[in-house]
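Subject: Handing over a structure, with notes on what was found

Dear colleague,

Please find the structure below, together with its sequence.

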Amino acid sequence: MVIAIMSCVSNMATLITNAPDFASRANTPSAAVWPQIFGIPLGFSIVSFLGIIVSSSSTVIYGEPVWNPIDLLGKLLDGHPSGATRFGVWFISASFILAQLGTNIAANSVSAGCDLTALFPRFINIRRGGYVAAIVGLVMCPWNLLKDSNSFTSYLSAYSVFLSSIAGVMISEYWFIRRGHYRVADLYHTGRDGWYWYTFGINWRAYAAYISGILINVVGFAGAVGRTVPLGATRVYQLSFFTGFGVSALIYCTLTKLFPTPGSWQPFEEIDESDYKARERDHVMEDSDDDKKGSGASVDVKEVKVVYKPDSQSTDEYMAIVNGEEYQKWLEVSLSIPLALVVDSYDIFHSGQGAQGILGKASKQEIETVFGVKKDVDALEILLSKGTLQTGERLKHFGTTNDSRGARITSAGASGGGR
């Protein structure tokens, strides 16, 4: 029974470790939490329960347990099946095809795409990374794993040995060591003062914990493939996911306590501590005289913005203030850099008279009409991907109007520059 439970847990191990790839795209915390609470534990439990029931029933019907659902569908077609039976087999087979596509996209393609994009952002995006994963999946001849149930369960157990150690490090890092604190900005630079620089860019604590979580199960794994090993090692291996997870988490917490990293062991609070104000978005003061600062007079500053026109004949312009350097990186690495590092704010401004006009914050209705989307973030991505980078010499007179018009900015002296 313990072995069967561990096989089910091992089957979930990929989605457990891949959860951040999907959670990073969530707009709210609940959008990441609820699907994981119901989708993985409940969904896998129901499917596993149905698999056990069907395999047990096949023993009564056919005299032997049929663990592979494809073989079971073949047995249903033996003899002279009715039209209804043939249709049922076709429908279930089509469902299996769709399920395989969905599972591979969620468990393999997305994670491989994200990881390879992080390693080679100039050459690989998420789509290309998915293609690489598909090619590797074919080269490794996965159909050999389905020769018999023993090969399949042994593969799943071995798989969880490696993934459980990764999960142990990841979960202990966020919940116990960082305690909800993180810095998105530090993920995108290699400065030695960054939280994730560690030791020459390598977190040796994580590697030590990962290897420790694997080593505790190595002896038992040798027994699973036919070697003679002590009974204790076999029992440890039968709980491979939990032993690997627990050992890697314990070792990682201990090493980080002995050799602390920046930002660790703070009171729990889920917050991004990126110092965005210190990285002011290309808004360089041209005149910083103290008397101008004290008098409240307009101060000329340079601005970098992306301007989008719905069509070439239109006088309407929609724009966003950006960090020019980060914007270029955003374009080059397949839009994988967070928008928070690219834009000054999530506001989209609108002018009906070109660069010399009054800039008003675009309304929700305007955004939906022009960009065809309801969310400001989606509209901002469209503007940044289709707009033109321009540099303006100064911004003046930040002010507000009534709620229906939003903030207004008078812009002067804009000069265009291509992307």
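Let me begin with a pair of charged residues: the side chains of Asp347 and Lys361 meet in a salt bridge, with a nitrogen-to-oxygen distance of 3.2 Å. Asp347 lies in the loop between helix 11 and strand 5 (349-351), while Lys361 is in strand 6 (residues 358-361), so this pair ties together parts that are 14 residues apart in sequence. Asp347 is partly exposed, with a relative accessible area of 26%, and Lys361 is partly exposed as well, at 37%. Please keep in mind while reading that this is a predicted model.

Lys364 counts as exposed, at 56% relative accessibility, whereas Asp376 is partly exposed, with a relative accessible area of 26%. In the other, the side chains of Glu64 and Lys75 meet at 3.5 Å, again from N to O. Glu64 lies in the loop between helix 2 and helix 3 (69-76) and Lys75 lies in helix 3, so the pair ties together parts that are 11 residues apart in sequence. Glu64 is partly exposed at 40% relative accessibility, and Lys75 is partly exposed at 25%.

As for the chain as a whole, it has 13 helices and eight strands, and of its 419 residues, 31% count as buried. Its accessible surface comes to about 24,900 Å², of which 63% belongs to carbon and sulfur atoms.

Which residues touch the most other members of the largest nonpolar core? They are Val322, Tyr327, Ile348, Phe371, Leu383 and Leu384, in a core of 21 residues. The elements that give two or more residues to this core are strand 3 (303-308), strand 4 (317-321), helix 11 (324-332), helix 12 (364-371) and helix 13 (376-386), and helix 13 gives the most, with four residues. Another core, of seven residues, lies apart from this one and has among its members Met12, Ala13, Leu163 and Phe241. Returning to Phe371, and leaving out residues up to four places away in sequence, one finds that Phe371 touches Tyr308, Tyr318, Ile348, Ala379, Ile382 and Leu383.

In soluble globular proteins, nonpolar side chains tend to be buried together. Ile53 has its place in helix 2 (residues 29-62) and is partly exposed, with a relative accessible area of 41%.

Is Asp186 buried or exposed? Asp186 counts as buried, because its relative accessibility is 7% and the cut-off for buried is under 20%. Asp186 lies in the loop between strand 1 (181-182) and helix 7 (204-224), and a polar atom of its side chain is 2.9 Å from the backbone nitrogen of Trp195.

With best wishes

How values were computed
Residues are numbered from 1 along each chain as its sequence is written. This is a predicted model: local features need pLDDT of at least 70, side-chain atom pairs count only at pLDDT 80 or more; totals for chains, interfaces and linings use all residues. Side-chain values use heavy atoms; hydrogens and water are left out. Buried means under 20% relative accessible area, exposed over 50%, partly exposed in between (1.4 Å probe, protein chains only). Accessible areas come from the Shrake-Rupley method with a 1.4 Å probe; for residues, only the protein chains shown count as cover. A polar contact is a pair of N or O atoms within 3.5 Å; within protein, one must be able to donate a hydrogen and the other to accept it, and residues adjacent in sequence count only if both atoms are side-chain atoms. A nonpolar core is a set of buried Ala, Val, Leu, Ile, Met, Phe, Trp, Tyr and Cys residues joined through side-chain atoms within 4.5 Å. Contact means heavy atoms within 4.5 Å. A salt bridge is a side-chain nitrogen of Lys or Arg within 4 Å of a carboxyl oxygen of Asp or Glu.
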